[in-house]
Amino acid sequence: GDLFENEVVGEFNKCVVSDMGCVPQKPDEGMYPVPEKSQLVPKFDTKLWNGRWYITAGQNELFDIFPCQVHFFTETSPGTFYGKLNWRVEEPDGEFFNRDAIQQFVQDPENPAHLINHDNEYLHYKDDWYIVDYEYDDNKDGVPPFAFVYYRGSNDAWDGYGGVVVYTRDAKLPESLLPRLRTAAKKVGFDFDKDFTLTDNSCPVMKDNDALVLREKFAGKVLLNTEESVRAQAIRLRGNAANSIK
């Protein structure tokens, strides 16, 4: 099922990108620079991540706005946490496939707003998350808990990819957060109302009798990928590789 598809696509990407070098690395174009400390929160406790979160808005259409983005995080020690990331890839004709990944992050001791996921074997990828704004659960002001995360990364396929996502406990973005999100977006050079898209986390269930047909279509499409789509697909699957691809 989905695990098999993750592994097959991951092996394909690893082969054509890292092992054979068929897809040259896209250079950093400077679209997602490392933010200054002044653009980020001065303190951050990683215990915020414990439990279930949804991505309810995103900036980069390649990586950030998939439907059904429900993520489960566990802080294993102060400054270290794991995330099981789930999302759904939709084809233009309405077909979809569920994807998942597991990633580990550690907090930068010099900058608590900087969360690091480096030293990965698959495509030698590394991700850096930066917390621009957030609010804890059960805060005194009654603000819905959220995290506004700017990220950038690098791997054998693409140096300098990035994006911005909004995490909330609610599956749908609470409208009361919009003033905070607009302010946060401006800090990193974006206009929330123009540059962000709300996600759909309603997650309709695929009918069982459709699964085999969709997998056959998917297998045929894998070999038709362009360089650009291979790069994007490799980035989307990067966390799954930590468990299934050597």
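Colleague: How many bridges join strand 1 to strand 8 in this predicted model?

Modeller: Start with the pairing rule: two strands count as a pair if DSSP finds at least two bridges between them. Here, strand 1 and strand 8 (residues 159-168) are joined by four bridges and run antiparallel. To find your place, look at Tyr54, which stands opposite Thr168 in strand 8.

Colleague: And which residue does Arg52 stand opposite in strand 2?

Modeller: That would be Phe72. Strand 2 (residues 70-77) pairs with strand 1 in the antiparallel sense, over four bridges.

Colleague: Where does strand 9 come in?

Modeller: Strand 9 covers residues 197-198, and its antiparallel pairing with strand 1 has two bridges.

Colleague: Is strand 1 mostly covered or mostly open?

Modeller: Buried means under 20% relative accessible area. In strand 1 (residues 51-58), six of the eight residues are buried, so the strand is mostly covered.

Colleague: Why is strand 6 described as largely enclosed by the rest of the structure?

Modeller: Because nine of its ten residues, in the run 126-135, are buried.

Colleague: What does strand 6 pair with?

Modeller: Strand 5 (residues 111-117) pairs with strand 6 in the antiparallel sense over four bridges. Strand 7 (residues 146-154) also pairs antiparallel with strand 6, over nine bridges.

Methods:
Residues numbered from 1 in each chain as written. Predicted model: local features only at pLDDT ≥ 70, side-chain atom pairs only at ≥ 80, totals over all residues. Heavy atoms only, no water. Buried < 20%, exposed > 50% of the residue type's maximum accessible area, 1.4 Å probe, protein only.
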